[in-house]
Amino acid sequence: MNDFEYRAPASVSEAVALLVEKGERARVLAGGTDLIVQLRGGRFTLDRMVDVKGVPELNQLRYDAAEGLVVGAAVPCYRIYEDELVAAHYPALVDAARIIGGIQIQGRASLGGNLCNASPSGDSIGALIALEATAVIAGPGETRSVPVEQFCTAPGRSVLGPGELLVALRLPPPKPRSGAHYLRFIPRYEMDIAIVSAGVAAVLSPDMSSFVSARVALGAVAPTPLFVTEAGAALAGKPISEESIALAAEAARQAARPINDMRGTVEQRRHLAAVLTTRALRGAVARAKGEQVNGH
Amino acid sequence: MATKHHVVTRVNGEEVEFLCEARHSLLEALRETLGLTGTKEGCLDGNCGACTVTLDGRLMDSCLVLAVEAHGREIQTIEGVASPQGLHPVQQAFLEEAALQCGICTPGFIVSAKALLEREPNPTEERIRWWLAGNLCRCTGYDKIVRAVVDAAARMAEVKG
Amino acid sequence: MANKVLVRQEFKVVGTRPIRHDGTDKVTGRALYGGDFSLPGMLYGKVLRSPHAHARILSIDTSAAEALPGVRGVVTAKDLPRPEEGIADVGEGAVNLRFLSDNILASNKALYKGHAVAAVAAVDAHTAEAALALIKVDYQVLPAVVNVREAMKEGAPILHESLRTDAQGQKGTTPTNIASRIQFAKGTLEQGFAQADVVVEREFETATVHQGYIEPHNATGLWSSDGQVTIWCSTQGAFTVRDLVSQILRYPVSKIKVVPMEIGGGFGGKTVVYLEPLAALLSRKTGKPVKLVMTRTEVFEGTGPTPAASMKVKMGATREGKLTAAEASFAFEAGAYPGSAVGAGCMCAFAPYDIEHGKIDGYDVVVNKPKAAAYRAPGATQTGFAVESVVDELAEKLGLDPIAFRMKNSAREGTRRIDGPIFGVIGALDCLEAARASDHWSSRLEGPNRGRGVASGFWFNIGLQSSCTISVNADGTVNLVEGSADIGGTRASIAMQAAEVLCLRAEEVKPTVADTDSIGYTQVTGGSRTTFATGWAAYEAAHDVLRQMKERVAKIWEANPADVTYEEGVFGVKGDPKMQMAFRELAGKLNHTGGPIVGRATVDPKGQGGAFATHIADVEVDPETGKVKVLRYTTVQDAGKAVHPSYVEGQMQGGAVQGIGWALNEEYFMTPGGTMANTSFLDYRMPTTLDLPMIETVIVEVANPGHPFGVRGVGEVPIVPPPAALANAIRRAVGVRMTRLPMSPGAILKEMGTV
């Protein structure tokens, strides 16, 4: 691979300045588990790599009952799943963080990097969409926030403009009687890319008998992670039952517009979209009721 | 660009310094520059774990870490696992359980397993398998590796008394 | 979860479990593998590979690459001697040499994506890589054919204009991709099927899979100014590397030394050469040592996968469960050049059974994929999958227990295989009996979507040449030098056989794997021959030591050498119990009683005994996703004699798991244009720790009369049964019979009619 300049700024403004200067020829390094592989594989060349792990804002992991959760863009997966508050309030985030690569990857890869890589199958993205996360973006202009479901624009492409940097992900505090679950389907039991994934969050009625609202996100069934509003709409106000869940699963199947590739076929992916939506919804409901649900 | 970075770091408890280019991985620096060839290259994309080391106590695939990032950090490699007093219990268990065949994945497995047992002295089989899923072995079918880690846990418990 | 050894014959050292001699180096990171080797002033090489699966090479311009600062040399096929030159017989030999040579560097055609076209040596690997991008190759892209059935069709793109089908010596007359057709027959097929009450006939396919060793291919070459060539590499056979490099470079074997470094897995894939001739060529061109290491993508795209196969099997049995006839047609992808393992596949296919009437056809077919290399029991896994699936279906149709059905038809001593050989003492039935008696088989498997499958397998094992020397140290230990690459504990299993003869402990025999200048010719570590044949050489060399030591004792005592005895580590003389000298004592006297003693032996044994295995698999299939979970797995295998049972178990477990990977998820995912889309371990899905249960083992010991300790060889056969065992288990779990590998979740869902 071609050599490049390595810079490790200590502040957001310094990082932005370094990125602005080189535009498309600069990239942000957090965990590097996608970036370094892509660079080595010759997918692109760089003039400058900006290592943001020394920027405090990108390393924060903070939970507050009123404000919710802030996950710095460079926080590696292990910090997510080893954090007791995150585990208690955002188990679906832990579902995702503990299946990204193996233990070595989790020591380095970040949810922020996973989002910026903008892969249709990115494991954290479905969970983040379900949990209503927003991306906090710094850049040459004003700092802005973008809902995660609007962050990815095409495979490998996002709303990040020249010189812009993902600083953190903000997740609202979990609503009362809510639960969320993230599941993916892979042919192996670890170290794999999702054939299809589903992230689901549901809010239940005070008597726990019906859905107040739900958010369903699918991965690997479209050019970007898909926020399936139809599936959520199908559940709002419906009783908690297999019939209701089946309606949402059917909406997910309908929304999926996958491709055939080495990881799966169109038919298989549509089918799995429904299966995983069903299973993730069951898990989300169980969690909303305070039951323990294993990640996988 | 021939800019070289001066990296000062600690490897297996000793301070070392070296020059590297930004594009050099930590794996390259360990193997080519420092001559620490116990850390192996298997895939160069973080999918086999043969190059596993710890960086500030965390397991990493050293092929996915830039050498320059090691500045001011603490690295442990397979070469630092045994002590002058002898093999680490994990190494001894691998030998006695015949948990290696060709041996190319063995350094990575031992570094990973040691990190697990330092955190969790008595892991279940399921937990061992989860922890080691990022290390591929093509020879053993993992059975004897899992047994060796269970055995090493018992040895370490014994040492602690 | 037991590991059982059904011991029949006890020895002092053979059959015990000492710590392997090379173990400490390998758990401390000190062992030096090929990629760990370096020399002062060494250059780094990289290989330019064809981006097309099939293309004519019109021209190669290396000038820009050569001009890049830091580049020291570039080679193309023009730097290789033309194979036809200087060969009197421009026939088969020259053609094979041309194929061999062209696979190292393509001359006029690139025949697969990843085919080496040029190689660069530069001051560092990054510069060499940058230089590759500057080499201009003008290709005329040709239509590619990447599937065996397509390649056999009339009008298919032809890889080699000169290729004619060799049908048992009869040459075809028109260009073809069918390199050869072989046939084996026994009895009268029609008669056999006429006797059958039930006949099952099915077609099967298996995908291209890779051996998947974790260590990429590597080689370092030094062409010295005196013409001596040294190559350091990871190989299963240093002498094979020497011979192949000699042929490809038309350079005398006496001027080539191959130093076998530690090897990080091979499974058959490191019995051939790729980088070794290039390292030598680049060193000759640059005057410096040159090292090349492949990337994982290069390993997948440029080195030996195992052949995909298209197969048809028909078998008949009587109502009582007696097999009457078997017919099969096996077409294997050879890759870009002829030479798949279809022959071995044919030989092993029906070997577990005594069948009176049979016919087997085999086709070796070239396609635009990398040239296939051996992979553990080469050919037998593919054909075994087909045959054992049909056997299972017959048992099912007849309402018979699958083990009982196999036992009723089991091959035994005296059974003649369809391909001719008559079995000597074999353990086919013993394996089935041990499987039936296992904890696993007698346990109950309950719950929905669960099923248990069983399958058997066979590998004939091989002998071939090995050499060994043993020198006696003054402290009563010995140094053993042998030429077999140690991929999985064979230093130990070889040293133990010498220790047994010498009445020493395993630790008192110190084994070294030597380079080609330092030991006699030794064939590859492969075919399950190493513990059998090199172990035999060690046995003979140890006896040679004893013979010389007895002579020395006789000289010291002025006794008749024929009267000298050696028992329990002590020399004595018949009829005189007072005369005693321990091995160690004599060892200390050697230098001043006539000089040092070195035992030596070379062997080319023919007495290899075939190995059988029977596996039992329990699976659960998720009917909504098609995903298979292996719940429990047991391998039963006849080792003849397990020299080091731990490493025999390791071979059984590792082979079984490679078979499980092959069965469930591994495949080359080829685009129609002939590009492998999944060239990383992320998408080429080998089993991880989490994909497997513990692998239970039962070692059966039916001594091979053709070996001093009864050794058969254990490495190959455990990969054979898993695909059929799992397919048969899946059938019982969810009712579908899978006839294509891999049995991936998507394939199972499709077969179940879900998608």
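## A sheet in chain C

Chain C of this predicted model holds an open sheet of five strands, in the order β1-β31-β30-β29-β21 and with mixed pairing. Strands are DSSP runs of E, at least two residues long; helices are runs of H or I of at least four; both are numbered from the N terminus. Two strands pair if DSSP finds at least two bridges between them. β1 (3–6) and β21 (450–459) of chain C are the edge strands, each with a single partner, so one side of each lacks a neighbour in the sheet. From one strand to the next the twist averages 15 degrees, taken between lines fitted to C-alpha atoms, with angles from 0 to 180 degrees between N-to-C directions.

β1(C) runs parallel to β31 (residues 695–700) of chain C, and four bridges join the pair. K4(C) has V698(C) as its bridge partner in β31(C).

## Chain A against chain B

Contact means heavy atoms within 4.5 Å. By that rule, 29 residues of chain A touch 29 of chain B. About 2500 Å² is buried between them, 60% of it on carbon and sulfur atoms. Buried area is the accessible area (1.4 Å probe) that two parts lose on being put together, summed over both.

Three salt bridges link chains A and B; each needs a side-chain nitrogen of Lys or Arg within 4 Å of a carboxyl oxygen of Asp or Glu. One joins K53(A) to E69(B), at 2.7 Å from N to O. On the side of chain A that touches chain B, α7(A) gives the largest share, four residues.

## Chain C against chain B

Here 57 residues of chain C meet 49 of chain B. The buried area is about 4300 Å², with 57% from carbon and sulfur atoms.

The salt bridges between chains C and B number four. R138(B) and E666(C) form a salt bridge through their side chains, 2.7 Å from N to O. α1 (23–28) and α18 (645–664) of chain C each supply at least two residues of the side that touches chain B. The largest share, nine residues, comes from α18(C).

## Conventions

Residues are numbered from 1 along each chain as its sequence is written, with chains lettered from A and ligands numbered from 1 in the order written. Local features need pLDDT of at least 70 and side-chain atom pairs 80 or more, while totals for chains, interfaces and linings use all residues; side-chain values use heavy atoms, without hydrogens and water.
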